[in-house]
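I set out to record how the chains of this model meet. The entries below follow the order in which I looked things up.

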Number of protein chains: 2
Amino acid sequence: MRYQVLVQLKTGVLDVQGKAIETGLKDKKFDGFKNIRVGRVIELEVEGLDKATAKAQVDEVCKLLLANPVIEQYEIKEVV
Amino acid sequence: MRYQVLVQLKTGVLDVQGKAIETGLKDKKFDGFKNIRVGRVIELEVEGLDKATAKAQVDEVCKLLLANPVIEQYEIKEVV
C-alpha cells in the first residue's frame with residue numbers, strides 16, 4: 001500500500017517560507033498572490049501488513065518522525 | 001482561486017531526505033516501509049485574475065520560483 005502524508009503548519013502559525021515566496025513574487029511583479037503556505041508531502045510504501053495495521057503505523061510514524069505536532073498538522077491519504 | 005502545487009523530485013533522482021527517514025524508521029523497528037519520497041506542497045491564493053490567466057501565472061511562478069526544473073517535477077491542482 002502506498003500512502004501520501006501532507007504536513008502543513010497549523011492555521012495561525014507564521015509561515016516564513018510562504019512570506020518569503022510572497023515577497024519574491026511581489027518583487028517580480030506578480031501582485032495577485034496571497035496567503036501562500038508551504039508544507040511537506042511524504043510518500044511511503046508499506047508492505048507485509050494488513051490495511052488497518054499499515055494505516056495505524058503510518059499515523060504513528062507521522063507523530064514520531066514526520067510532523068511536529070506542536071506547530072504542524074498532518075493528513076494521511078491512501079494513494080491508488 | 002486557490003491552487004495547490006506539489007513539487008517532487010523526478011523519478012531516478014536520489015532522495016536523501018527519504019533515505020534518512022527510511023533509516024530512521026528501520027532504527028525504530030518499523031521494517032515495512034520503503035520507497036519514501038519527500039516533496040513540497042505550496043498553497044497559493046490568486047485574486048483579480050480570470051481562471052485561465054491565474055493558472056498560467058501559477059505555472060510561470062512554478063518554473064521561476066517554486067520548483068527546480070532540472071531535478072523536480074510539479075503538478076498544479078485547483079483547490080475548491
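**Interface of chains A and B**

I began with the buried area, that is, the accessible area (1.4 Å probe) that two parts lose on being put together, summed over both. Chain A and chain B bury about 3,000 Å² between them, with 66% of it on carbon and sulfur atoms. I note that this is a predicted model, in which local features need pLDDT of at least 70 and side-chain atom pairs count only at pLDDT 80 or more, while totals for chains, interfaces and linings use all residues. Residues are numbered from 1 along each chain as its sequence is written, chains are lettered from A and ligands numbered from 1 in the order in which they are written, and side-chain values use heavy atoms, with hydrogens and water left out.

I then listed contacts (heavy atoms within 4.5 Å). In chain A, 32 residues are in contact with 32 residues of chain B.

**Polar and charged pairs**

I searched for salt bridges (a side-chain nitrogen of Lys or Arg within 4 Å of a carboxyl oxygen of Asp or Glu). The rule finds 2 of them across the interface of chain A and chain B. I looked up A:Lys34, which forms a salt bridge with B:Glu47, the closest N and O atoms being 3.4 Å apart.

For polar contacts I took pairs of N or O atoms within 3.5 Å; within protein, one must be able to donate a hydrogen and the other to accept it, and residues adjacent in sequence count only if both atoms are side-chain atoms. Across the interface I find 14 residue pairs in polar contact, both at pLDDT 80 or more.

**Helix packing**

I took helices as DSSP runs (H or I, at least four residues) and strands likewise (E, at least two), numbered from the N terminus. Axes are lines fitted to C-alpha atoms, for helices over the stretch in contact, and angles run from 0 to 180 degrees between N-to-C directions.

H2 (residues 51–66) of chain A packs against H1 (residues 16–27) of chain B at an angle of about 110°, the axes being 11 Å apart. H2(A) and H1(B) are therefore roughly perpendicular (65 to 115 degrees). A:Val61, A:Leu65 and A:Leu66 of H2(A) make the contact with B:Ile21, B:Gly24 and B:Leu25 of H1(B).

I also examined H1(A) and H2 (residues 51–66) of chain B, whose axes come within 11 Å and cross at roughly 110°. H1(A) is thus roughly perpendicular to H2(B). Here A:Ile21, A:Gly24 and A:Leu25 meet B:Val61, B:Leu65 and B:Leu66.

**Within chain B**

B:Arg2 lies in strand S1 (residues 2–9) and B:Glu43 in strand S2 (residues 33–46) of chain B, so the pair ties together parts 41 residues apart in sequence.

Conventions
Angles under 35 degrees count as roughly parallel, over 145 as roughly antiparallel, 65 to 115 as roughly perpendicular and the rest as oblique.
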